[in-house]
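I opened this chain to work out how its pieces are arranged, and these are my notes on what I looked up.

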Amino acid sequence: MKNYTITVNGNVYDVTVEEGTGSGAPAAAPKAASGAAGSVKVTASCPGKVFKVEAKVGQALKAGDAIIILEAMKMEIPVVAPQDGTLASLEVAVGDAVENGAVLATLN
């Protein structure tokens with residue numbers, strides 16, 4: 001079970017969601033990494049949907065460069081490189097739903 005706090009129109013609700021109850025939809029298969037994983041993990045700062053992938057595996061990145069754009073609550077949220085490095089792997093694709101803290105990519 002996961003607990004969430006949701007605010008709707010200024011009203012705060014505590015919601016508990018039970019996982020794995022068999023909604024009838026098939027579970028998503030784990031994605032294979034696009035290359036060897038790097039040592040620096042880039043994670044989602046919030047739950048959302050992958051809206052756009054800005055960088056390619058093997059691309060050199062500077063700290064602050066956008067790697068992925070997440071869509072959450074109709075807002076576009078850039079996920080940026082935490083430090084200089086090379087993009088080693090992308091763990092998600094456009095359209096994927098991600099949870100807070102999910103690994104989206106890795107850097108070397």
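This is a predicted model: local features need pLDDT of at least 70, side-chain atom pairs count only at pLDDT 80 or more; totals for chains, interfaces and linings use all residues.

Residues are numbered from 1 along each chain as its sequence is written, and side-chain values use heavy atoms, with hydrogens and water left out.

I then followed S6 to strand S7 (residues 75–80), which runs antiparallel to S6 and is joined to it by six bridges. Ala72 stands opposite Met75 of S7, and the two strands make a hairpin with two residues between them, where Met73 in the turn has a positive phi of about 55 degrees.

I asked why S6 (residues 66–72) is largely enclosed by the rest of the structure. The reason I wrote down is that five of its seven residues are buried, meaning under 20% relative accessible area with a 1.4 Å probe and protein chains only.

I next looked up the largest nonpolar core, which has 18 residues, and among those with the most contacts inside it are Ile67, Ile68, Leu70 and Leu87. Such a core is a set of buried Ala, Val, Leu, Ile, Met, Phe, Trp, Tyr and Cys residues joined through side-chain atoms within 4.5 Å. The elements that give two or more residues to this core are strand S3 (40–43), S6, strand S8 (85–90) and strand S10 (103–107).

I also listed the contacts of Leu87 (heavy atoms within 4.5 Å). Leaving aside neighbours within four places in sequence, Leu87 touches residues including Val57, Leu61, Ile67, Ala105 and Leu107.

Finally, I checked the whole chain, which has zero helices and 10 strands. Of its 108 residues, 27% count as buried, and residues 24 or more positions apart account for 55% of the contacts with a separation of 6 or more.

Conventions
Buried means under 20% relative accessible area, exposed over 50%, partly exposed in between (1.4 Å probe, protein chains only). Helices (H or I, at least four residues) and strands (E, at least two) are DSSP runs, numbered from the N terminus. Two strands pair if DSSP finds at least two bridges between them.
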